[in-house]
There are 2 protein chains.
Amino acid sequence: MYNILVCDDDKEIVKAIEIYLNKEGYNVIKAFDGEEALKVLKNNTIHLIILDIMMPKKDGIETLNEIRKDKSIPVIMLSAKSEDEDKINGLNLGADDYITKPFNPLELIARVNSGIRRYTKLGNFETNENKNVFKTGELIIDDNLKTVKVDEQEVKLTPTEYNILKFLTKNKGKVYSIEQIYENVWEDEAYAAENIIAVHIRHIREKIEINPKEPKYLKVIWGIGYKIENLD
Amino acid sequence: MYNILVCDDDKEIVKAIEIYLNKEGYNVIKAFDGEEALKVLKNNTIHLIILDIMMPKKDGIETLNEIRKDKSIPVIMLSAKSEDEDKINGLNLGADDYITKPFNPLELIARVNSGIRRYTKLGNFETNENKNVFKTGELIIDDNLKTVKVDEQEVKLTPTEYNILKFLTKNKGKVYSIEQIYENVWEDEAYAAENIIAVHIRHIREKIEINPKEPKYLKVIWGIGYKIENLD
DNA sequence: TAAATATATTAATAATATCTTAATAATTTC
DNA sequence: GAAATTATTAAGATATTATTAATATATTTA
């Protein structure tokens, strides 16, 4: 029996979801705002969360960030169709999936099944060894040991450099704007971040690249941002 | 192994369906009236139901209503051709699909496969990774990664080129005037945009087309505008 | 705690990529 | 073939990122 936490300030929607999920054999635990959801999470074994974005007290995005600080269970975000999809995407919120309202019940169920399947199988049993190890090509970041290696050689980064590199490597392949990098690494509003990031990027390149002028790992996507190349 | 409940009072038809579905690797459980079907459902894990409408004791529609009270598995209704299709449709019975008798075995199998896929996997629904990927023929734009590939080969576009190509590919097949392209990509009034667009179009063609003089993807519709050919 | 050291930010400027403009050529359509 | 439309080319303008060095802030160590 799997427990699914459904959190939305619209009680009708929560009720409807509960009915669909009960039919599927899932047990539903309800919450109506982010704070309540976090409480439920603390006191119950939850296998999957369905989380509305627009909510009072603590919205879905804040709540998700809190959850992600110490949990990796699957989260499906709910959003009204009107909310700009690009926006949701840009948030880069660490959700596993999202559905726009109004949703198709079969789709909801399919996504829940898929999330549960992913979570219960392999995925969750990542070994301690590689849990916090991020790599691309010959660049390896071990977040347990806080070490960075390039071609087997350890490289010393400052905390900020390390955090930027970890963030980008964790999400290798994806391009992040200067603002997104700043906000993710500093956990603060980005203001006049261009230069700050540029300087750090240069320092990182000096340390991890053979030829910083022609970076192999840390690439600029002109007009958009930076990314760590996915070489695996 | 998926279990499919087939319910029809015509034993010949049930037998025939069983043969078809067995060949496809499905396990068939049989019932010959609505009440029997409900009993079977109670005692077995059923993944899909094929249900005849005209049956003794409890007809298909009543049975379906019962089923829908506590289950949301896919149901394919069977009906004789004589029964008015519109009527069946209008019943709005919460069936996922229906087939008229006499049916084409290939169609039956296709619908069963599709039902199973939709129910168990994400099958027809867009997966998260798919959500922002636009393609036509061998041209693939991944807006998550901001990459463009032609024939598996990555191609580098400037931001403006990328935005134009994304806009047209997202709406492949449709023709957009120079003004429309400008307004959509620049999010500004188009003024003297002809030349600007023309130059960008040329650059894009140079990058994505084998022979820019005879473009395969980015075509001009003389006097109207440009489009990305729909090759799928 | 004060000095030493390491790290982060700011400022100024350079380098480079990209966009737009202009002038002209090539096509298409009637 | 003429008018309208699109294509091409190259150069000047603009925007974005890179670099360097100096200053500020934080952390460590004596």
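Which residues are the closest to DNA strand D? I looked this up in a predicted model, where local features need pLDDT of at least 70, side-chain atom pairs count only at pLDDT 80 or more, and totals for chains, interfaces and linings use all residues. Residues are numbered from 1 along each chain as its sequence is written, and chains are lettered from A and ligands numbered from 1 in the order in which they are written.

**Entry: DNA strand D**

I found 26 residues around DNA strand D. The closest are Ala198(A), Val220(A), Ala198(B), Arg202(B) and Val220(B). I counted a residue as near if its C-beta atom, placed from the backbone, lies within 6 Å of the strand. By class, I get 13 nonpolar, 5 polar and 8 charged residues here. Nonpolar covers Ala, Val, Leu, Ile, Met, Phe, Trp, Tyr, Cys and Pro; charged covers Asp, Glu, Lys and Arg; the others, Gly among them, are polar. α9 of chain A and α8 of chain B each give at least two residues to this surface. Helices (H or I, at least four residues) and strands (E, at least two) are DSSP runs, numbered from the N terminus.

**Entry: DNA strand C**

I then turned to DNA strand C, which has 19 residues around it. Thr158(A), Thr160(A), Trp222(A), Thr158(B) and Thr160(B) are the closest. Two or more residues come from each of α7 (159–170) and α9 (193–208) in chain A, and from each of α6 (159–170) and α8 (193–208) in chain B.

**Entry: α6(B) against α8(B)**

I checked how these two helices cross. Their axes (lines fitted to C-alpha atoms over the stretch in contact, angles from 0 to 180 degrees between N-to-C directions) come within 10 Å and cross at roughly 85°. α6(B) and α8(B) are therefore roughly perpendicular, a label for 65 to 115 degrees. Thr160(B), Glu161(B), Ile164(B) and Leu165(B) of α6(B) meet His200(B), His203(B) and Ile204(B) of α8(B). Contact here means C-beta atoms, placed from the backbone, within 7 Å. The contact residues divide into 3 nonpolar, 3 polar and 1 charged.

**Entry: the sheet of chain A**

I traced an open sheet of 5 strands in chain A, ordered β2-β1-β3-β4-β5 with parallel pairing. Strands pair if DSSP finds at least two bridges between them. β2 (27–31) and β5 (97–101) of chain A are at the edges with a single partner each, so one side of each has no neighbour in the sheet. The twist averages 20° from one strand to the next. β3 (residues 48–52) and β4 (residues 75–80) of chain A pair over 4 bridges. Ile50(A) stands opposite Ile76(A) in β4(A). Helix α3 (residues 60–70) of chain A lies across β3 and β4 of that chain, at about 150° to β3(A).

Note on methods
Two residues are in contact if their C-beta atoms, placed from the backbone, lie within 7 Å. Angles under 35 degrees count as roughly parallel, over 145 as roughly antiparallel, 65 to 115 as roughly perpendicular and the rest as oblique.
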